[in-house]
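User: Hi! Could you walk me through this one? I'd like the overall picture and then some helix packing.

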Amino acid sequence: GLLAEAASPAKWQSEFENQILSSARQIAEKYNCDMNHANCVERLALLIFKEMQPEHKLSHHHALLLRIAAILHDCGRFIALSGHHKHSKYLIENSDLFGLSQKDIKIIALTARYHRRAEPKPTHLDYNALLREEKMAINKLASILRVADSLDNLHTQNIADCRLERSATELRFLINTPGELRSARLVLKDKTRLFEQIFGLTVTPIAHQLNAEL
């Protein structure tokens, strides 16, 4: 029974994914990333990914790629704060990420590249060279990462325990810290367009305290 459990595909897959994530965290630490922020964005991105699963229809493997992009999205700050999203892309593409194919690394690098500023465009050569399904995956993953990163814009992680609610037109984030709420509202204005275009939902942070809206 122990041998059968050890040999189970699910167990091996879980252990393999943990090694991949550990490799990503080692690279993030190498480039002096704010690991508390990285881990918070990873958690929020995965929360949104699971909530939007019926719409995006991406695989469990895509969830793993999103988690890695979340961990590494700010690594480009090691080179320069200005344009760090582009530097993140470069560092990811040139890092030795354990257990991933070159296609996986390209998707991660471009997802991280699009966590801020410009959205994916046909004029971006690396993006345009990909297959249509790869472009669509990057659009969806980057739109989720942009929202997750915006929610911890202050790098305090006070928003890590927020909850989600959905309506026919909105994805609501229930936030119980007033300072985080104000910051999230300001940043999300500029970073939710891609998410709203893809999923047809407005992203709305709302005040929430002790299971009751303020």
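User: Okay, how many helices and strands does the protein chain have?

Analyst: There are eleven helices and three strands in the protein chain. Do keep in mind that this is a predicted model.

User: Now the packing. At what angle do H3 and H5 pack?

Analyst: H3 (residues 35-51) and H5 (residues 60-72) pack at about 150°, and their axes are 8 Å apart. That angle makes H3 roughly antiparallel to H5, because angles over 145 degrees count that way. The crossing of H3 past H5 is right-handed.

User: Which residues make the contact?

Analyst: H3 contributes Met35, Ala38, Val41, Glu42, Ala45, Leu46 and Phe49, while H5 brings His62, Ala63, Leu66, Arg67, Ala70 and Ile71. By class, the contact of H3 with H5 has ten nonpolar residues, one polar and two charged.

User: Nice. What about H5 and H7, how do they pack?

Analyst: H5 and H7 (residues 102-113) pack at an angle of about 50°, with 9 Å between their axes. That makes H5 oblique to H7, and H5 passes H7 in a right-handed crossing.

User: Who's involved on each side there?

Analyst: On H5 it's His61, Leu65, Ile68 and Ala69, and on H7 it's Asp104, Ile107, Ile108, Thr111 and Ala112. Those residues of the H5 and H7 contact divide into six nonpolar, two polar and one charged.

User: Switching topic: where is confidence lowest, and where is it highest?

Analyst: In the protein chain, helix H1 (residues 2-6) is lowest with a mean pLDDT of 48, and helix H6 (residues 84-93) is highest at 98. The chain averages 90, with 92% of the residues scoring at least 70.

User: Which stretches have pLDDT under 50?

Analyst: Residues 1-7 stay under 50, and the model has four contacts for them beyond four places in sequence. Residues 210-214 are also below 50, with seven contacts beyond near neighbours in sequence. Where pLDDT is low, predicted coordinates should not be read in detail.

Definitions and conventions. Residues numbered from 1 in each chain as written. Predicted model: local features only at pLDDT ≥ 70, side-chain atom pairs only at ≥ 80, totals over all residues. Heavy atoms only, no water. Axes fitted to C-alpha atoms, helices over the stretch in contact; angles between N-to-C directions. Helix = DSSP H or I, 4+ residues; strand = E, 2+ residues; numbered from the N terminus. Parallel < 35°, antiparallel > 145°, perpendicular 65-115°, else oblique. Left-handed = near helix turned anticlockwise from the far one by under 90°. Contact = heavy atoms within 4.5 Å. Nonpolar A, V, L, I, M, F, W, Y, C, P; charged D, E, K, R; others polar. pLDDT = per-residue confidence, 0-100.
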